[in-house]
Amino acid sequence: MQDKVVGRRAFLARLGVLGAVVATGGLFADRAVAAVGLEPDGSALDQIVEDLQPVLAELARDTLNGLVVMVCPGPDEYSRAQGTPRPEDGALEARATDFMIASLDGFVPFPDQLGTALAGGLASGLEGTGITLPPAQAALPIGQVGTVDRALTTLLRNDATLPLSAVVAMLLNLVATQVDPAAVHGPFLSPFARLSYAGKCAVFERLEGPDPALVSVLDSKAPEPFTGTLSGMLRFLAGALLEFAAYGSYGEWGVFDPDQKTLSEQPVGWRLTGYQPDGVVQGWDEMIGYYQDRERVSA
Amino acid sequence: MRDVIVVGAGGGGAVVAKELAARGLDVLLLEAGPRHADITEEWTHYENDANNPLTGFLRFGPSDRSQPAWYRELPQNSFLWQLSGVGGTTQHYFGNCPRAYPGVFAGYDGADRDAYDTAHLFPFGYSELVPYYEWVEATLPVQTAAMGRKEEVFFRGCEQLGLPVQTAKTTTEDSYRPQENAILQPGGAAGRVSGYEGEPRLLYPEATGCTFCGYCFQGCSHPAKAPRNLIAKRSTDNSYVPMALTADRWAPGGRPVTLVTDAFVTRVHTEQRGGRTAASGVTWREGATGDHQREDAKVVVLAAGCTENPRLWFNSGLPDPNDWVGRGYTDHYFDWIIASFDSYTGSSKGTGSSARSDWPGRGGVMNVGLPPALKAFTMTFSDSGIRGQYGNGRGEAGPWDGPAGRLMGPELKDMMMGGIDQMFCMLVMTDDDVERQNRVTLSALPADEHGSVAKVEMHQRQRSRRTVANREFLVRKGVEIARAAGARTVHRMDWPPLILHVQSTMRMGESERNSVLDADGQARWVDGLYVADNSALANSAAGVNPTLTTQAVATRTAEKIFTSRFGGAAWVRSEAPVVSTDDRVAQGMDDLGL
């Protein structure tokens, strides 16, 4: 029992969840049940589940900050942490993280059941091994670790409250700690965001591959009829995350007013590339003529 | 009971609807997505607003943009770029209209006859299709593209390679040329004046045809103020659909189609007739209300696309005795070459692509201009992993610079900051084999409101030897063109499946062992059920952009329907087509308030 809880503690740390709970504090504040380490009753668990959601949202944002600077680094702390700071505006100034969260949580036509299957694979598999937890996480009482675990599992089983961005973040963080176990320590909430640029690339190498060990565990834990579909989904997801991060970094989403259909300022991507320096055009003085003066061809 | 129900108002369905409406038949045209009747109000020139596959107005999803897009299962690193809405994928296409090379048709006897996918030829000869090509070329109309700066770069590279220039419609040798495209040639101030919102010289009629605005992929709405049928790009929402809606105005005895949008067809109905299974009608779901409607018809034509036609087929329980429904999905095994120049290339301006090279038996290479977000997407899309970090089992080296793979991080940013108009991009379109393994099935994932969803399997690394060799050949030719034109750096992306030039999942063919449709475009096992979009194509059309061939075949299929089902006379060889820019179409649309 003790070993199992220790394993779950490491697993939650690798997802980034335990670190986020500790760092954000308050999840167990005023919860008598947590203080004495007893099994929470239904209503107490409901409250903890509710409290966990903003923690997961912060974790997701932190993780996706670490993702989007992979494609468009800038003058921010995440770009510095990955070792590729740039003086010009980058993905964060373009609000690419918001773009990713809005896309993943609001519009990805991903069946809830599939997201839940992935989350279920995450939540039920992969006991943590071989990593050393930072003191704050290691010191969290076993009762509280168990409560976080139950709250997360409850959340993951309820597809209505399952934000895909959180699931994606947990996946990236889990693999990040496979790439570098030391990523459970350090600045930021997210182990993934703590990696170097090369380390983040190594995460995607495992996802794109995809890593057979990871896939076999996820697939084996997924319920029918999803068994066997997760490996293909990982390949798709790995690619889509990078491509969408690039699309969001260089597009106009961050400064677009959908009601007025206007821009509040020139998009970062336009400034970086010199695209349409004075805004949207009706046409360009770009026609040279016809090649070899031929305006039509024979049959 | 209708005479004909057409499922899908995209590049193929709109053609059948227009042709049969012109013959006076009672045609119901059903479209799952929106109409986009007022493009001035509904569209913008912003690429996320337009092209985001989740939220853009040119997505595959319901008319209500606050609702999620429709999903499909993609069990691999790939991207399926479907569109709903009147015009279908032609809403964002580049209007390119090359004819398929003669070698992909039955009976071809040229010296290069063995260079093609000879196991999956069209079930008729090239000369049989030529009159239909000519009919479509006149209707759209298809014209020789005007040249911008990025075309000049492409031609300079081809000139340096010593390639001959093609000056005919039919491709017979390795060559290059301006595109034959369905974009009205610039007139007046168009292409000669730069201007922002409100520039009066760029409004119709001071400007006519293409204004070189650079927004082909975001949907064409220029010249502003032009009647809908005089918008420069001849996507079917600007050409065939306006003709279908006004058929009584320009065709003697014509009868306007009934167009119903926001109408997702969920089932094809059949009955037993004379001992055969025969199509009898369809049921569709109204997106706004969730209500289901049913109508019967003498003939049903499927034109919902390469992914949705098989889905609808399976969800309707239609027969598939040789197990070829949904199989043979070809996508031109795309690849992409991105170059940077020290000089201006005009990459974000002008038409999407107005220059191409043709390589019979191999495929084609064409220049492409894109705005920044799509360019960044293009450069991060690869089967070779992240360049310089890992190869994902590939990452080949070649005449391009360094290994193939995703450009990311500082490298991507440096490339973008080199200036969008100093970049130069080329799309490699492979003449790829029809392969059984690439297919559409029904997903085990939960059904949506329209039934079980499609699962698209593309086995990227198991392509045939000929297909792989063709792509390698074309990539090298593209790199040669870029270097000969003066490129500073040249990157190869090694794209995974970007499922966009889609073909052949309901293929017509010579043999009933490996095809779904007969030579008339009719389902072999369901009487009165036809297919008339890209999915009907017998093969990848030699690696050329498929729309023109689809529209020619659809015109032929419409004629077959009219003569064999309604006792009418054929018209393509005996009449002259009305061009879609005809004043009567404009007047009819104006009278209808469209």
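**Two chains and what joins them**

Visitor: Why is the meeting of the side chains of B:D323 and B:R436 called a salt bridge?

Guide: A salt bridge requires a side-chain nitrogen of Lys or Arg within 4 Å of a carboxyl oxygen of Asp or Glu. The side chains of B:D323 and B:R436 have N and O atoms 3.6 Å apart, and form a salt bridge. The pair links distant parts of the chain, 113 residues apart: B:D323 lies in the loop between α8 (308-315) and β14 (335-340) of chain B, and B:R436 in the loop between β17 (423-430) and β18 (439-442) of chain B. This is a predicted model, in which local features need pLDDT of at least 70, side-chain atom pairs count only at pLDDT 80 or more, and totals for chains, interfaces and linings use all residues. Residues are numbered from 1 along each chain as its sequence is written, chains are lettered from A and ligands numbered from 1 in the order in which they are written, and side-chain values use heavy atoms, with hydrogens and water left out.

Visitor: What makes A:E88 and B:K413 a salt bridge?

Guide: Their closest N and O atoms are 2.7 Å apart. Between chain A and chain B the count is four salt bridges, and over all chains it comes to 54.

Visitor: How many residues of chain A and chain B are in contact?

Guide: Contact means heavy atoms within 4.5 Å. By that rule, 73 residues of chain A are in contact with 96 residues of chain B.

Visitor: How much area do chain A and chain B bury between them?

Guide: Buried area is the accessible area (1.4 Å probe) that two parts lose on being put together, summed over both. For chain A and chain B this is about 7400 Å², 62% of it on carbon and sulfur atoms. In chain A, the residues A:Y247, A:Q282 and A:Y291 lose the most area to chain B, together 13% of what that side buries.

Visitor: What makes β3(A) and β8 of chain B a pair of strands?

Guide: Strands are DSSP runs (E, at least two residues), helices likewise (H or I, at least four), numbered from the N terminus; two strands pair if DSSP finds at least two bridges between them. β3(A) and β8 (residues 195-196) of chain B have two bridges, in the antiparallel sense. A:G283 stands opposite B:G195 in β8(B).

Visitor: Why is chain B described as compact?

Guide: Chain B has 13 helices and 22 strands. Its radius of gyration is 23 Å, close to the 25 Å that the globule rule gives for 594 residues, so chain B is as compact as a globular protein of that length. The radius is taken over C-alpha atoms, and the rule is 2.2 Å times the number of residues to the power 0.38.
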